[in-house]
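Please take each label apart and show what stands behind it.

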Amino acid sequence: MADYRLTDEQLALKQMAHEFAVKEIRPVAMELDHNPDPAKSAYMPRLIEKAHKVGLHTMSLPEKYGGGGIEDLYTHCIVAEELSWGDRGFVGILLSATKITHLLMADELKPFACEENREKWLRAYCQDPTFLISTATTEPDSGSENNITTYNDPKGGYRTTAVRKGDEYILNGNKIFVSNIGWAKLNFVYARTDKTQGVQEGGASLFAVPIDAPGVSFGQVYDKIGYRLNLNRELILQDCRIPVSNRLGPESAGLKRLRRYMRGDTLINAASMVGLARAAYEATLEYAQIRIACGRPIAEHQTIGVKLLDMWTQINAARAYVLQAAWAVDAAWQGIDGEKIPVDPKLSQSASYYAHEMCVDVCRAAMEVHGGVGAMRDYPVEMYMRNAVCMLHSDGGVINKRVRLLPYLSAEAVSAGNGAGRR
Ligand SMILES: Cc1cc2nc3c(=O)[nH]c(=O)nc-3n(C[C@H](O)[C@H](O)[C@H](O)COP(=O)(O)OP(=O)(O)OC[C@H]3O[C@@H](n4cnc5c(N)ncnc54)[C@H](O)[C@@H]3O)c2cc1C
């Protein structure tokens, strides 16, 4: 029989994350969000040092280097939901920690992913309360081109180049919209190393670029509609020099191969959308119980009651789907009783776009139930809606998640091949 109960460790982490959200994130989230200067609305350093103290900043890193040693995605999704209930933008700290762990612990990503660098960078991450990383992929002329797995035209994809000269690579190009840029002490940058191949199969390589590498500078800070506690900024690489040993994996490994080590981001983001929707739902339920219209609390009007019920059901459905997908990823990577269970490649992307769309629907309903005040900045639902809409465009975007899934659908229709549905 499947057991859906959380372990004692998961329950303790969930509670700790929730308390952190209540005590530290919620009291400052709206004030930070409303700051018109996007550089000042980002959570550094007000919150991240506090998160470091309680272990949230480093929970994903291996114990050997001073981290919390939490490896499974399922637990990360549970924690992500609670932190996002506090504020959607704050979950950036979990994404940063899981990414550096997955990349540096992958033996296949040598030369950079070696014991010497694990000692150096993972330990630095655990010791420095404000250590974050970034992953820089989007460029002014190429965003979706790198995310859509079926597009592999050598003319498309990264314009940022990395040219090998002796023991160094020289990087040139601009990366835009990148989370944590400027704060991140280590930037994982994708660049083109072979113009004759498309980036999916072989044209691209991944590099670790320290913040103080020669030729690194920062450009525009983006003034976003939501996710304002997380900083998004432009990364400029101008004759940026890094040692050859800062490459992750073989030269021109290609995105298809490199993407395997980015497991988890999609579902941590998806779980965060569940947390954001839950925040909107709870605020709405509370409001509906105290707001009197036509002689009674609006929650007692059937149309409002049904709306609240639908919101609650949508949130639970999305959570169940996200956790199912997280369980599948863990079963594939860590195995169950020594057996690695093949993962359905559609699950993560599908659960992710579902959770993102669900969250926008729930936030819209939340605004409607609030009536006029739903559009006012004094109430949090307006901020929740902006956060929900903003995230439709992150992590590759919800349309691109569907585009990635379509080839599976056609392949399955062909392999089913029983003529069902034909006249
Ligand atoms: C909050 C936030 C955080 C972000 N964080 C990061 C980060 O940390 N690092 C980073 O590198 N980037 C980051 N991004 C950038 C984000 O990943 C990109 O914006 C996204 O990949 C889309 O790229 P684009 O903006 O160039 O859209 P475009 O490529 O210009 O696409 C525009 C529209 O066309 C659609 N489209 C394009 N091609 C196709 C196709 N073949 N079939 C169907 N539809 C298509 C897209 O789905 C999209 O709707 C972030 C963005 C946001 C909003």
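This is a predicted model: local features need pLDDT of at least 70, side-chain atom pairs count only at pLDDT 80 or more; totals for chains, interfaces and linings use all residues.

Q: Why is the pair of Tyr287 and Tyr379 called edge-to-face?
A: Rings of Phe, Tyr and Trp (its six-membered ring) pair if their centres lie within 6.5 Å; planes under 30 degrees apart are stacked, over 60 edge-to-face, and the rest tilted. The centres of Tyr287 and Tyr379 are 5.9 Å apart, and their planes stand at 85°, so the pair is edge-to-face.

Q: What parts of the chain does the pair of Tyr287 and Tyr379 link?
A: The pair links distant parts, 92 residues apart. Tyr287 is in helix 10, and Tyr379 is in the loop between helix 12 (347-369) and helix 13 (380-391). Helices are DSSP runs (H or I, at least four residues), as are strands (E, at least two), numbered from the N terminus.

Q: What makes Tyr287 buried?
A: Buried means under 20% relative accessible area, exposed means over 50%, and partly exposed lies in between (1.4 Å probe, protein chains only). Tyr287 has 10%, so Tyr287 is buried.

Q: Why is Tyr379 called partly exposed?
A: Its relative accessible area is 31%, so Tyr379 falls in the partly exposed class.

Q: Where is His370, and which residues does His370 touch?
A: His370 is in the loop between helix 12 and helix 13. Not counting residues up to four places away in sequence, His370 touches Ala283, Thr284, Tyr287, Tyr379 and Val381. Contact means heavy atoms within 4.5 Å.

Q: How do you know that His370 is buried?
A: Its relative accessibility is 4%, so His370 counts as buried.

Q: What makes Ala388 buried?
A: Ala388, in helix 13, has a relative accessible area of 0%, so Ala388 is buried. Leaving aside neighbours within four places in sequence, Ala388 is in contact with Met273, Leu276, Cys359, Val360 and Cys363.

Q: What makes the crossing of helix 4 and helix 10 right-handed?
A: A crossing is right-handed if the near helix is turned clockwise from the far one by less than a right angle, and left-handed if anticlockwise. Helix 4 passes helix 10 in a right-handed crossing. Helix 4 (residues 73-86) and helix 10 (residues 265-290) pack at about 35°, with axes 7 Å apart. Axes are lines fitted to C-alpha atoms, for helices over the stretch in contact, and angles run from 0 to 180 degrees between N-to-C directions.

Q: What makes Arg26 sit over the ring of Trp85?
A: A charge sits over a ring if NZ of Lys or CZ of Arg is within 6 Å of the ring centre and within 35 degrees of the ring normal. The charged end of Arg26 sits over the Trp85 ring, 3.6 Å from its centre.

Q: Which is buried or exposed, Tyr227 or Asp337?
A: Tyr227 has 7% relative accessibility, so Tyr227 counts as buried. Asp337 has a relative accessible area of 81%, so Asp337 is exposed. Tyr227 has a positive phi of about 55° although it is not a glycine. Asp337 has a positive phi of about 50°, and Asp337 is not a glycine.

Conventions
Residues are numbered from 1 along each chain as its sequence is written. Side-chain values use heavy atoms; hydrogens and water are left out.
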